[in-house]
Amino acid sequence: VNMFEDRYPEATIATALPEEPCRVEATGLVAAIEEAIDNAIKHDGSSTPSVDVRVETRADWVDVEIADEGPGIPEQEIQVLESGETPLNHADRLGIWLMYWAVAKAGGRFEVGESPAGGSVVTMSVPLV
């Protein structure tokens, strides 16, 4: 988050983090989280983008949720995740695939939805070690 506050000083990044560190074996998860935050800020369109980053542990899992107030992820990008790529139906952006693959490789779940603020919410759930 500090990196993004330096890179995008006009953005507001709120965090809700657990008191104790979360240990996971998820190669690429940090890159996926960074991609989600970066996309949330870049695609917001306002002069003062706002992003909420929430990390919660439950049982043997950790959920990382990044929510924004932007225009949302295009429906085609979400459909490709759900139904798979074909020559006629494919993603236009690699960022969402980077997030998906990192979470899938860790044995986790990746979800995209609408945030309460009307933008997007990306949830990456991975097992704790």
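Residues are numbered from 1 along each chain as its sequence is written, and side-chain values use heavy atoms, with hydrogens and water left out. Because the model is predicted, local features need pLDDT of at least 70 and side-chain atom pairs count only at pLDDT 80 or more, while totals for chains, interfaces and linings use all residues.

**The nonpolar core**

Let's start inside. The largest nonpolar core has 28 residues, and I41, I66, M99 and M124 touch the most other members. Such a core is a set of buried Ala, Val, Leu, Ile, Met, Phe, Trp, Tyr and Cys residues joined through side-chain atoms within 4.5 Å. Buried means under 20% relative accessible area, exposed over 50%, and partly exposed in between, with a 1.4 Å probe and protein chains only. At least two core residues come from each of α2 (29-42), β2 (50-58), β3 (61-68), α4 (95-105) and β5 (120-127); α2 gives the most, with seven. These elements are DSSP runs numbered from the N terminus: helices are H or I with at least four residues, strands E with at least two.

M99 is among the buried residues of α4, together with G95, I96, W97, A102 and V103. Not counting residues up to four places away in sequence, M99 touches A32, E35, A36, N39, F110, V122 and M124, where contact means heavy atoms within 4.5 Å. Just after α4, G107 takes a positive phi of about 80°.

**The largest pocket**

The largest pocket holds about 460 Å³ of space. Of its 17 lining residues, L29, V30, I33, V55 and V64 are the closest to the centre. Two or more lining residues come from each of α1 (2-7), α2, β2 and β3, and the largest share, five residues, belongs to α2. By class, the lining has 16 nonpolar, no polar and one charged residues.

On a 1 Å grid over the protein atoms alone, a pocket is an open set of points where a 1.4 Å probe fits, with protein on both sides within 12 Å along at least five of seven lines; lining residues have an atom within 4 Å of a point.

**Two buried aspartates**

D63 sits in strand β3, whereas D44 is in the loop between α2 and β2. D63 is buried at a relative accessible area of 10%, and D44 is buried at 11%. Their side chains make the polar contacts below, each being a pair of N or O atoms within 3.5 Å, one able to donate a hydrogen and the other to accept it; residues adjacent in sequence count only if both atoms are side-chain atoms.

| Side chains | Distance |
|---|---|
| D63 and R58 | 2.7 Å |
| D63 and S125 | 2.6 Å |
| D44 and S46 | 2.5 Å |

Leaving out residues up to four places away in sequence, D63 touches R54, V55, E56, R58, M124 and S125, and D44 touches P49, S50, E69, G70 and P71.

**Two exposed loop residues**

A59 lies in the loop between β2 and β3 and is exposed, with a relative accessible area of 76%. The phi of A59 is near 50°, a positive value in a residue other than glycine. P116, in the loop between β4 (109-114) and β5, is exposed too, with a relative accessible area of 90%. P116 and A67 are 49 residues apart in sequence and 8.5 Å apart in space, C-alpha to C-alpha.

Note on methods:
Points joined across faces, edges and corners; volume = space filled by probe spheres on them. Nonpolar A, V, L, I, M, F, W, Y, C, P; charged D, E, K, R; others polar.
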